[in-house]
Every structure is written in C-alpha cells, then in structure tokens.
Amino acid sequence: MDFEPTTRRIVWLAVAFEGGLALLALGLGWLPGVQSPLPKIHWIARDAVWGIVACLPLLVVFFICVRWPVGPLVRIKQLSEEFIREWFASCSVLQLGLISLLAGIGEEMLFRGVIQDTLSAWINPLAGIVLASLLFGLMHPITPFYVVLAALMGAFLGWIFIVTDNLLPAIITHGLYDFLALTYLTRLESR
C-alpha cells in the first residue's frame, strides 16, 4: 500500500502532533517539581516585538542553507525539496500558519517552558539550556547536521526565554520562523 500524503491528512497530523506537544507540556506541569508552562507566557508588546526581531538571525541561517548549500547543507536542501515541499505544497498559507503557530506553541511550551525550566531549577540555567537544546535537536533527526542546527536554534530560543523571562518571544520566533521557512520552500524557492 503506497502512502500518498493528502493536504487534509498532513494538516491533521501536524495539528495533532504539535497540539499534542502543548497538551503534553500542560500534563507534565502537574507533576511534582515541574511547573506549568502557562504562567511563563506573558502578553507584553515589547516581548512580542523581541520575538519578531529574534527571527531575523534564524532566517539568515535558513537562506544560507537553501541558497548556498555546501557540505552537509546539500543533503538538508535535498530533503527539504523532496519531502517538505512535496508534503506541504498543497497546504494553503492559512494552513501553514496554523501548523507553524502550533509548532511554536507546542514545542516551546515543552522544550523551554517545561524541560529547560525544570532542568534549570534542578541543576542550573546553563545546564537547562544545553540539555533542553540537545533534546530539541535530537527530536529533529532529518540529518546529523540538522540535529546540530536544531540544537543551536533550541539554545538560541532558550537564551531568549532566559533573557526575557517570558515564553512569548520564543513562541513567536519559532512559529514565525517555521511559517516563513515553509512558505518559502513551498511557494517561492521553486520559482
């Protein structure tokens, strides 16, 4: 049986997975010694702007990877073209926005709001960022080098969370980056 991705299936899988990460983060927040990520999200305009601006360095790295791939970046670009474009090209911009928003919320609530915050309290903030970022990287096993890039992105997002003491900028940075990268890969790069 050949599995052919359909837009509806892709959107529902992405929504279920990313939304499930947010629910997992909320559930873990009930465990002893683990705080809920919700109180760490503060709706502050300055921090929202911080989240938008912090997306810029990630976009620079993204464009370097897709426009001038060398070494291990070549394989990442190939996989992006073979799978990401194929799977998400039929999604509307609104659907890409929903998937990206939920990725920002779910992954940041789990990796920064629960894992990093808990490890920071148990060990220290640096260990919290490093360990949560390594786990974040390992959860993105596209290629070994992509794991490294994702871990570095996780460390950057963890640093944003520490500096602002707010999950909102990390959520915005992550969600906006995912949206712009998916939109570029599915709408603009092939032209």
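Modeller: Helix 2 passes helix 7 in a right-handed crossing (the near helix is turned clockwise from the far one by less than a right angle). Helices here are DSSP runs of H or I, at least four residues, numbered from the N terminus. The residues of this contact divide into 19 nonpolar, two polar and two charged; Ala, Val, Leu, Ile, Met, Phe, Trp, Tyr, Cys and Pro count as nonpolar, Asp, Glu, Lys and Arg as charged, and the others, Gly among them, as polar. The axes of helix 2 (residues 45-67) and helix 7 (residues 167-188) come within 8 Å and cross at roughly 35°. Axes are lines fitted to C-alpha atoms, for helices over the stretch in contact, and angles run from 0 to 180 degrees between N-to-C directions.

This is a predicted model: local features need pLDDT of at least 70, side-chain atom pairs count only at pLDDT 80 or more, and totals for chains, interfaces and linings use all residues. Residues are numbered from 1 along each chain as its sequence is written, and side-chain values use heavy atoms, with hydrogens and water left out.

Glu108 is found in helix 4. Glu108 is buried, with a relative accessible area of 0%; buried means under 20%, exposed over 50%, partly exposed in between (1.4 Å probe, protein chains only). Among the residues that Glu108 touches are Leu157, Leu167 and His174, not counting residues up to four places away in sequence; contact means heavy atoms within 4.5 Å. With that same exclusion, Leu167 touches residues including Pro37, Ile41, Glu108 and Phe161.

Technical notes. Helices (H or I, at least four residues) and strands (E, at least two) are DSSP runs, numbered from the N terminus.
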